[in-house]
Amino acid sequence: MLFRSPNIKEQNLDQVRDIFRKLESIGCSMAPAKESEPLFELPAEIVDGLASMEHSRWMRQMARDKWSWGPESDEERRHHPCMLPWKQGDFKPYEGFEDRLGTDGLSEDEKEKDRVAVRNIPRILKKGGYTILPRLKSQPASIENKQIEPGKEFPATVTIQPRME
């Protein structure tokens, strides 16, 4: 049975609303794009950290909607098999709703769905007329890198070729 949450539209909107926070976490921002500008590609080394953030965002929304882990999707009981930590045993990113999670780590197949969502950020922004730019070094980050993937050092900024005017 295909799982279709009754709040799928709100989940999709939340995913888009969260793009700015993800970009801030890697030292980037969004800016109006020029039509001729090529599609920005997120460096492979940051995709996993952003995908973990996306999974946490999704689980936080599901927990707010009273969902919890269950071995199979069950809309009536509000159980979902993906209510699992990104890494087995790492519940720190899920403080406040860790009691709603299963104990195993998320499977690689499910992680890949979050990675795909992250890789699509440049396309989503381009459709809206925006691109991704590195933040100026004088601008402080509002989200610490450790929130991307707790316990793992993460580059403070991403090296991106500046846009030529």
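Me: What should I know before reading the values?
Reply: This is a predicted model, where local features need pLDDT of at least 70, side-chain atom pairs count only at pLDDT 80 or more, and totals for chains, interfaces and linings use all residues. Residues are numbered from 1 along each chain as its sequence is written, and side-chain values use heavy atoms, with hydrogens and water left out.

Me: How many helices and strands are in the chain?
Reply: Five helices and four strands. Helices (H or I, at least four residues) and strands (E, at least two) are DSSP runs, numbered from the N terminus. Their order is α-α-β-α-β-β-α-α-β.

Me: Why are H1 and H3 called oblique to each other?
Reply: Helix H1 (residues 8–17) and helix H3 (residues 44–64) pack at about 140°. Angles under 35 degrees count as roughly parallel, over 145 as roughly antiparallel, 65 to 115 as roughly perpendicular and the rest as oblique. H1 and H3 are therefore oblique.

Me: What makes Lys22 and Glu54 a salt bridge?
Reply: The definition asks for a side-chain nitrogen of Lys or Arg within 4 Å of a carboxyl oxygen of Asp or Glu. In this pair the closest N and O atoms are 2.8 Å apart. Lys22 lies in helix H2 (residues 19–25) and Glu54 in helix H3, 32 residues apart.

Me: Why is Lys22 called buried?
Reply: Its relative accessible area is 2%. Buried means under 20%, exposed over 50%, partly exposed in between (1.4 Å probe, protein chains only). So Lys22 is buried. Glu54, at 3%, counts as buried too. Buried residues make up 44% of the 165 residues in the chain.

Me: How do you know whether Arg115 and Asp48 are buried or partly exposed?
Reply: Arg115 has 10% relative accessibility, so it counts as buried. Asp48 has 27%, so it is partly exposed. Their side chains meet in a salt bridge (2.4 Å, N to O). Both belong to a network of salt bridges that also links Glu108, Lys111, Glu112 and Arg119.

Me: What makes Met30 part of a nonpolar surface patch?
Reply: Patches take residues with over 30% relative accessible area and no salt bridge; like charges are joined within 9 Å, nonpolar side chains (Val, Leu, Ile, Met, Phe, Trp, Tyr) within 5 Å. Met30 has 33%, so it is partly exposed. Phe20, Met30 and Tyr130 make a patch of about 270 Å². Met30 sits in strand E1 (residues 28–32).

Note on methods. Accessible areas come from the Shrake-Rupley method with a 1.4 Å probe; for residues, only the protein chains shown count as cover. Axes are lines fitted to C-alpha atoms, for helices over the stretch in contact, and angles run from 0 to 180 degrees between N-to-C directions.
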